[in-house]
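Welcome! Please keep the sequence and the 3D view at hand as you read.

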Amino acid sequence: MPNNTTLTAETITTAQIKALRAEAEAAGDRAQVDLCDLALAAHETADAQGGDLIGPDGAIWTRTEAREACADAINAGQG
């Protein structure tokens, strides 16, 4: 039975992001791993060293944007 709950940046859990990261790492999907790392960042706009959160595309991301991208990836896999 499929899960019809649509995840968002607000509803995705840390556990779900960590599971997605593990799956992406096992599949060799470096871009998704990087997005998951941003989604797990302690600060909304800075990494542990105080620098910008740089996504796999080279752009500056926020933690919320990365969480939304992770939610979208999980939602896409539920079909």
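## Before we start

Contact here means heavy atoms within 4.5 Å. Leaving aside neighbours within four places in sequence, Gln32 is in contact with Leu20, Ala24, Cys70 and Ala73.

The model is a predicted one, in which local features need pLDDT of at least 70 and side-chain atom pairs count only at pLDDT 80 or more, while totals for chains, interfaces and linings use all residues. Residues are numbered from 1 along each chain as its sequence is written, and side-chain values use heavy atoms, with hydrogens and water left out.

## Helices α1 and α2

Helices are DSSP runs of H or I with at least four residues, strands are runs of E with at least two, and both are numbered from the N terminus. Helix α1 covers residues 14-27 and helix α2 residues 30-39; their axes lie 8 Å apart, at an angle of about 160°. That makes α1 roughly antiparallel to α2. (Angles under 35 degrees count as roughly parallel, over 145 as roughly antiparallel, 65 to 115 as roughly perpendicular and the rest as oblique. Axes are lines fitted to C-alpha atoms, for helices over the stretch in contact, and angles run from 0 to 180 degrees between N-to-C directions.)

Which residues make the contact? From α1 come Ile17, Leu20, Arg21, Ala24 and Glu25, and from α2 come Gln32, Val33, Cys36, Asp37 and Ala39. These residues of the contact of α1 with α2 divide into six nonpolar, one polar and three charged. In this grouping, Ala, Val, Leu, Ile, Met, Phe, Trp, Tyr, Cys and Pro count as nonpolar, Asp, Glu, Lys and Arg as charged, and the others, Gly among them, as polar.

## Helices α1 and α3

Now for helix α3, which spans residues 63-77: its axis and that of α1 come within 10 Å and cross at roughly 70°. That makes α1 roughly perpendicular to α3. On the α1 side, Gln16, Ile17 and Leu20 take part, meeting Arg67, Cys70, Ala73 and Ile74 in α3. The residues of this contact of α1 with α3 divide into five nonpolar, one polar and one charged.

## The buried side of α2

Buried means under 20% relative accessible area, exposed over 50%, and partly exposed in between, with a 1.4 Å probe and protein chains only. In α2, the buried residues are Gln32, Val33, Leu35, Cys36, Leu38 and Ala39. The cover over them includes α1 and α3. Gln32, found in helix α2, is buried because its relative accessible area is 12%.

How many disulfides does a search of the whole structure find? The search finds zero disulfides, a disulfide being a pair of cysteine sulfur atoms within 2.5 Å. Cys36 is in no disulfide, and the nearest cysteine sulfur, that of Cys70, is 3.6 Å away. That separation is too far for a bond. Cys36 counts as buried because its relative accessibility is 0%, and Cys70 is buried too, with a relative accessible area of 0%.

## A stop in the loop

Asp52 sits in the loop between α2 and α3. With a relative accessible area of 44%, Asp52 is partly exposed. Leaving aside neighbours within four places in sequence, Asp52 is in contact with Thr45, Asp47 and Ile60. Its C-alpha atom is separated by 8.6 Å from that of Thr62, ten residues apart along the chain.
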